[in-house]
Amino acid sequence: RNTQKIVAKEITDVVSEVKKLSKTAKEGDKSSDLSELINATKSMKFIVKKLRGLKRKMEDGQKTALKYVNRCKARIEHLKQVSKCARVRNLAESGKFSNGGRAKTDSSCSKSASSSDSVLLLAKDNKVTVKSLDAMIVGHLMREGCMKSAAKITRDAKITDLVDSEVFQSAQKVIYGFRNRDCKPALSWCGANRSRLRRSRCINLETELRVQQFIEMLKENKAKDALQHARKHFKSSLDSHLKTILHAMGAIAFLPISKGSLPKRYGYLFEEAKWSNLEQMFRSVLFKINGLSPQSTLSLRLQAGLEALKTPHCVDVKSEREMKVDVSAMAAAATMDSMSSLYSTTTRCNTDHLKVAAVQTALASGLRSSECPVCAKGMYKLAENLSTSHRTQSCIVCRMCGEVMDENNPPLALPNGNVYSHKALTRNIKQNNGKILDPSTGEIFSFSDTKPVFIL
């Protein structure tokens with residue numbers, strides 16, 4: 001679209017110059033006036049220069065368009081391979097796929113033997129799945145600003161057509177500008193994408209940047225420059241940002257700006273958190289105009305899996321020291337609430353005691369390495385706001401070894417009431433000279449003290 005606009009403008013200039021030259025040739029006498037010949041020569045040179053520039057721009061536009069067309073083709077082909085491999089795996093698991101990749105019963109998948117063999121080979125090697133995973137990792141790294149790591153994976157995995165490197169490379173300059181307290185890269189980006197911002201109704205970003213520039217001038221006590229800046233850039237934004245602009249203009253009365261000298265209604269404009277807010281606003285606008293989701297594909301896939309595994313008992317496993325502090329604080333709060341029962345309801349006290357019990361349970365389970373993906377370090381933040389999975393049938397997992405307790409690994413109860421699996425206790429005995437050391441309480445028992453547990 002940008003190329004089309006540039007070409008239309010260049011053609012308009014060339015056509016107007018040709019018309020002007022033609023008009024001059026008709027009106028004047030070619031042999032009588034030397035100046036007209038000189039002007040005509042200059043016009044011809046100008047037209048040739050314009051046409052050469054137009055040719056170069058059209059070639060560049062064609063290369064850009066061809067690059068994006070090839071990228072779309074590569075992504076469509078990749079999606080086709082993912083779909084084929086998924087079908088082949090499903091057929092293989094159901095026993096319908098055999099004899100070098102030919103389906104026994106599904107006629108829709110019984111094509112030529114060579115293509116089936118190649119698809120089956122891809123499915124077995126997991127090349128397509130690895131390619132998709134690499135693309136997701138690269139996308140996540142670019143969102144986090146790890147451009148060098150993302151570029152290396154892109155080169156090694158040969159997935160240039162599956163990632164949007166240009167989008168994040170241009171955005172990285174703007175983000176660096178925000179972190180260096182500079183709005184100029186962001187304003188340049190807004191100028192280059194003004195039509196897209198207008199179509200997506202994201203024009204607020206440029207206004208916020210202009211206000212921030214005004215605030216930075218006030219911080220440096222440049223009142224005259226700030227007023228000139230306001231006269232030039234604030235007129236078109238009065239309807240949408242009147243309150244913010246009024247607060248910014250009102251702050252001039254408090255110059256020179258010093259810490260604590262501004263009232264709250266003006267002070268929020270001078271906080272350092274304003275730069276973080278601008279960065280977040282820019283990210284949301286960037287994703288919107290490029291059709292990207294606010295979260296990376298990797299995060300969304302992880303959340304889909306975590307939601308299927310999350311239970312009401314999943315908690316954020318902290319360090320043992322932090323957990324003990326939490327237990328002590330919550331237990332003290334619950335005790336205070338129970339002592340002042342005249343002023344607090346029974347429900348609240350019960351809730352606080354349940355919270356203490358939940359944290360104590362997490363502390364006990366934290367004494368071993370948790371194998372729950374939701375409770376793993378760094379993962380619970382992704383699953384924190386997700387709903388718990390709906391389960392019609394429960395399975396019991398040993399908190400010592402993380403394996404399911406069933407008829408092959410029966411649960412055994414210790415005299416103190418704690419229940420662990422047979423495999424876990426067997427390993428515990430080997431590590432503790434024939435005795436069972438309860439990791440939750442530190443008590444020691446013999447294996448003969450255990451009793452089998454039957455769950456109906």
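This is a predicted model: local features need pLDDT of at least 70, side-chain atom pairs count only at pLDDT 80 or more; totals for chains, interfaces and linings use all residues.
**View 1. A three-stranded open sheet, with its strands in the order β4-β3-β7.**
The pairing here is antiparallel. Out at the edges sit β4 (419-421) and β7 (451-452), each of which pairs on one side only. If you look at β3 (residues 411-413), you'll find that this strand and β7 pair in the antiparallel sense, over two bridges. Which residue of β7 is the bridge partner of L412? That would be P452. As a quick reminder, strands of a sheet pair through backbone hydrogen bonds, and they can do so either parallel or antiparallel.

**View 2. Helix α18 lying across β3 and β4.**
Helix α18 takes in residues 422-431. Its run makes an angle of about 85 degrees with β4.

**View 3. A cluster of rings made up of F178, W189, W275 and F282.**
Ring pairs are what link these four residues together. For context, the model has six aromatic pairs by the rule used here. Take F178 and W275: their ring centres are 6.4 Å apart and their planes meet at 55 degrees, so this pair counts as tilted. F178 belongs to helix α6 (residues 165-179) and W275 to helix α13 (residues 273-289), so the pair ties together parts of the chain 97 residues apart in sequence. Are F178 and W275 buried or exposed? Both are buried.

How far apart are the ring centres of F178 and F282? The distance is 6.1 Å, and with the planes at 70 degrees, over the 60 needed, the pair is edge-to-face. F178 has a relative accessible area of 1%, so it counts as buried. F282 is buried too, with a relative accessibility of 1%.

**View 4. Charged ends sitting over aromatic rings, at K67 and R143.**
Two spots are worth a look here. In one, the charged end of K67 sits over the ring of Y68, at 5.1 Å from the ring centre. In the other, R143 places its charged end over the ring of F287, and the distance to the centre of that ring is 4.3 Å.

Note on methods. Residues are numbered from 1 along each chain as its sequence is written. Side-chain values use heavy atoms; hydrogens and water are left out. Two strands pair if DSSP finds at least two bridges between them. Helices (H or I, at least four residues) and strands (E, at least two) are DSSP runs, numbered from the N terminus. Contact means heavy atoms within 4.5 Å. Axes are lines fitted to C-alpha atoms, for helices over the stretch in contact, and angles run from 0 to 180 degrees between N-to-C directions. Rings of Phe, Tyr and Trp (its six-membered ring) pair if their centres lie within 6.5 Å; planes under 30 degrees apart count as stacked, over 60 as edge-to-face and the rest as tilted. Buried means under 20% relative accessible area, exposed over 50%, partly exposed in between (1.4 Å probe, protein chains only). A charge sits over a ring if NZ of Lys or CZ of Arg is within 6 Å of the ring centre and within 35 degrees of the ring normal.
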